[in-house]
Amino acid sequence: MKGFLNRLRGVERDIIQQPVDDAAGAPYYEAQKNEVEIFEAAYKKRLPVMLKGPTGCGKTRFLEYMAWRLKRPLVTVSCHEDLTSSDLVGRFLLEGEATVWQDGPLTRAVKAGAICYLDEIVEARTDSTVIIHPLTDHRRQLPLEKKGQEIEAHEDFMLVISYNPGYQTVLKDLKPSTKQRFIGINFDYPREEIERKIIQNEVPELDTTQVEKLVATGRRARTLKDHGLEEATSTRALVYAGNMMVAGIEPVEACKAALVNPVTDDPELAEALMEIIKAHF
Ligand code: ADP
């Protein structure tokens, strides 16, 4: 019971509120290519979208920005291996003597005409991926099996999933029949000049030279990806390093804490990353 309640709370925590309807509230997003245009076209035709790319490269920020731009509420669910279709759709709960139905985040999004973002859907149980099928084609319906109901999606509803190609294995991947239901937008770490802009904007107190050094360090560190590093240095990690620096931590230590310690336990890889950092700072 406790596990169940925690799981439910976990899902509830992931709901992000309505976007703010003014320019001042726009989430900061630096476009990489034509992703804004592609997403808008998909939204216009109510086609579901898959955001593909490594972690920390801007997928979530992009979607927050798009939700703001399209003036739609955003419901985000971080998927995990225990996430079942009931966590998404809803379930009957005991309230005193009575059982009451409680909508899950996906059902609420479907009814409200929100954008529902299933982050890392591949982590969830297979029944969760199957449940979205009728929502992704012309039917635009969500089956509430336990209630014996099918609900029609609100005309503004949109489904978005994220997918990290680096994490997939033969055992854990989306079925081709699921994948081909989506418009795919590929993301990667931003180009050098764009990444500089991002870091500068995210950590305004950091001086330009430090921003340049940080971005150069990140780019060099990414070349270690093929030498055993599971995930390359992300833009998010560079933003963290910048924040540690402006919080008063000396640059090499800040980079070690943000770019090395969290990503590897291998002493040789850590050493290789440290050499790159020391060569820049
Ligand atoms: P993902 O969802 O791909 O794991 P996020 O969207 O959470 O990554 O991005 C991580 C952080 O990197 C953001 O919080 C933001 O600080 C920064 N970031 C990455 N790309 C961009 C971008 N294109 N525009 C603005 N910020 C970005």
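Residues are numbered from 1 along each chain as its sequence is written. Because the model is predicted, local features need pLDDT of at least 70 and side-chain atom pairs count only at pLDDT 80 or more, while totals for chains, interfaces and linings use all residues.

The protein chain holds 13 helices and 9 strands; these are DSSP runs (helices H or I, at least four residues; strands E, at least two), numbered from the N terminus. Of its 281 residues, 36% count as buried. A residue is buried if 20 or more other C-beta atoms lie within 10 Å of its own, exposed if 12 or fewer, and partly exposed in between, with C-beta atoms placed from the backbone. Two residues are in contact if those C-beta atoms lie within 7 Å. Among contacts between residues at least 6 apart in sequence, 72% join residues at least 24 apart.

In soluble globular proteins, nonpolar side chains tend to be buried together. A nonpolar core here is a set of buried Ala, Val, Leu, Ile, Met, Phe, Trp, Tyr and Cys residues joined through C-beta atoms within 7 Å. The largest one has 43 residues, and Val49, Leu63, Ile115, Cys116, Tyr117, Val160 and Ile161 have the most contacts inside it. Helix α3 (residues 59-69) gives the largest share of this core, 6 residues. Beyond its neighbours within four places in sequence, Ile115 contacts Ala67, Arg72, Leu74, Met158 and Val160. A second, separate core of 23 residues includes Leu214, Tyr240, Cys255 and Ile277.

Around the ligand are 17 residues, of which Gly58, Lys59, Thr60, Arg61 and Arg236 come nearest; a residue is near a molecule if its C-beta atom, placed from the backbone, lies within 6 Å of it. Helices α3, α9 (192-202) and α11 (235-246) each supply at least two residues of this shell.

Gly184 lies in strand β9 (residues 183-186). It counts as partly exposed because it has 14 C-beta neighbours inside 10 Å. Not counting residues up to four places away in sequence, Gly184 touches Met50 and Lys52.

For residues 195-280, UniProt lists "domain: CbbQ/NirQ/NorQ C-terminal" in an unreviewed entry. That span is 69% helix and 0% strand, and its end C-alpha atoms lie 17 Å apart. In helix α12 (residues 251-260), Ala254, Cys255, Ala258, Leu259 and Val260 are buried. The buried residues of α12 pack against α10 (208-222), α11 and α13 (267-280).

How values were computed: UniProt positions are given in the numbering used here, feature names are shortened, and annotations may be inferred rather than shown by experiment.
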